[in-house]
Amino acid sequence: MKKRKMKAISIIMVFAMVFTVFAIPGTAAAADTKANTSNNEITVPENVIAGSSFTIKAAGANQEDYTNNTGTVGETAYVPSYISMTGTDDYDIGNTLSDSSFSVNNGYSVTALINRAYTETVTVTFEKYEYSNGNGWADTGTSTNKSINVAAKGTLKFNGNGGKVAFGTKYLFNGATRGTAPKAKKSGYKLMGWYPSKKSRKKITSGTKINFYSSYYEEYYLSKTLYAKWTKKVKVKFSANKGRVSKKSKTVKSNYKYGKLPTPKRSGYKFKGWYTKKSGGTRITKNTYVSKTKKHTLYAHWFGPKGHGSTITKGEYKRIKMGMSYGQVKYLIGGGGSLLSQYQGYKCYMWNGNGSIGANAEIYFDDNGEVYAKAQAGLR
């Protein structure tokens, strides 16, 4: 982690004051916030947006007399001589002061920029001067500091994700709740809510706190984006795929779970589940979220056929695949095998076979209980 570096500005005195409050995107100029001690004053805009320039203004007690080189004997004046900006932690979060000059008349000013939605501390050093007859203003060698915290708001963006939104941005302090979101529309769809990414299922509500900070990267951000998520009704059909199913279709909602699905039947076979393709594809369960937005079909997949005895045939042997469980192998053959050996969770079972004298098959299971090898002799 990089230690924060103090960034400072020395004063260059000029005699033409230019005081500009830079425009904040999407907001009107707000009232200033002031810090005032013994007539030494620092002024900053009330609304500071991270990533947008703003003006810091400093004015010391009797500063105008000092500037005009007028005064009375014994009079003291405080003049801004040094300005620094630093965060309250030890990390460099990217603040910069982009202008090294102050304006003199009626106060000194400098342009600043905070690159993160974070609270920075602005400190101005006021040098003390004293007026004496014949010598004018002289530096006393002493000074005083004045500080003010500047909280920069982050930009919260709203992405319609294919829909239209009433407004695209709002500005929040780090840790503030989301608050009001824009109205959004998309033809044929209903708005579900706002989410931190297009794939996220963690809904961001009006009461959710918005943090412009990543604990993983240990840094603050200028902005965050929320995405609209949409739903619509979708019809799904069920194909029993050589079996029978009582329920032929149901209506679901995109981006919601499929919910309860029918259980088909097929003589001599065990139902494996519903899939997106007749052969292969992705398995769909009641907890699967509907990703499709158009009518689609789910296909029943089957395991089998079921064996009819405790002896194994060559056809049954061929249907045994790597990764099958002992229960699945037992179902295909129609009965259990004899345990020949076992070692550290690995097991070998043997089934007598249909074929020549001594025909048999040996099936090997790993410590996860899955087939990893097989061998046969004399099967027909």
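Let's begin with a pair of strands: E20, covering residues 270-275, runs antiparallel to E22, and five bridges join the two. Within this pairing, Phe271 sits opposite Trp302 of E22. Keep in mind as you explore that this is a predicted model.

Strand E18, residues 233-239, pairs with E22 in the parallel sense, over four bridges. Here Phe238 is the residue that stands opposite Leu298 in E22. How enclosed is E22, which spans residues 296-303? Six of its eight residues are buried, so the rest of the structure largely encloses this strand.

## The five-stranded sheet

These strands belong to an open sheet of five, ordered E19-E18-E22-E20-E21, with mixed pairing. Its edge strands are E19 (249-253) and E21 (283-284), and each of them pairs on one side only.

Two loops attached to this sheet are worth a visit. The loop between E18 and E19 holds Asn241. Phi of Asn241 is near 55°, a positive value in a residue other than glycine. With a relative accessible area of 15%, Asn241 is buried. The other loop, between E22 and helix H2 (314-319), is the place of Pro305. The peptide bond leading from Gly304 to Pro305 is cis, and its omega is near 5°.

## The whole chain

Now for a step back. The protein chain contains three helices and 26 strands. Of its 380 residues, 38% are buried.

How much of the contact pattern links residues 24 or more positions apart? Among contacts in the protein chain with a separation of 6 or more, such pairs account for 61%.

Another open sheet is built from four strands in the order E23-E24-E25-E26, and the pairing is antiparallel. Strand E23 (338-343) and strand E26 (371-379) stand at the edges; each has a single partner strand, so one side of each is left without a neighbour in the sheet. On average, neighbouring strands here are turned by 15° against each other, ignoring direction.

Looking at one pair in detail, E23 and strand E24 (residues 346-352) are antiparallel and share five bridges. Gln342 stands opposite Lys347 in E24. Helix H3, made of residues 326-333, packs on this sheet and touches E24, E25 (355-365) and E26. The direction of H3 makes about 5° with that of E24.

## Arg178, a buried charge

Next, find Arg178 in the loop between strand E12 (169-172) and strand E13 (184-185). Arg178 is buried but has no salt bridge. Where is the nearest side chain of opposite charge? That side chain belongs to Glu46, 21 Å away.

Thr123 is part of strand E9, which covers residues 119-132. Is Thr123 buried or exposed? Its relative accessibility is 18%, so it counts as buried.

The side chain of Thr123 makes a polar contact with the side chain of Ser147, at 2.8 Å. Setting aside its neighbours within four places in sequence, Thr123 is in contact with Tyr82, Ile83 and Ser84, and with Asn145, Lys146 and Ser147.

## Asn69, out in a loop

The last stop is Asn69, in the loop between helix H1 (63-68) and strand E6 (76-87). Phi of Asn69 is near 55°, which is a positive value in a residue other than glycine. Is Asn69 buried or exposed? A relative accessible area of 51% makes Asn69 exposed.

Phi is near 55° in Asn69, and near 55° in Asn241. Yet Asn69 is exposed, whereas Asn241 is buried.

How values were computed. Residues are numbered from 1 along each chain as its sequence is written. This is a predicted model: local features need pLDDT of at least 70, side-chain atom pairs count only at pLDDT 80 or more; totals for chains, interfaces and linings use all residues. Side-chain values use heavy atoms; hydrogens and water are left out. Two strands pair if DSSP finds at least two bridges between them. Axes are lines fitted to C-alpha atoms, for helices over the stretch in contact, and angles run from 0 to 180 degrees between N-to-C directions. Contact means heavy atoms within 4.5 Å. Buried means under 20% relative accessible area, exposed over 50%, partly exposed in between (1.4 Å probe, protein chains only). Lys and Arg count as positive and Asp and Glu as negative; His and the chain ends are not counted. A salt bridge is a side-chain nitrogen of Lys or Arg within 4 Å of a carboxyl oxygen of Asp or Glu. A polar contact is a pair of N or O atoms within 3.5 Å; within protein, one must be able to donate a hydrogen and the other to accept it, and residues adjacent in sequence count only if both atoms are side-chain atoms.
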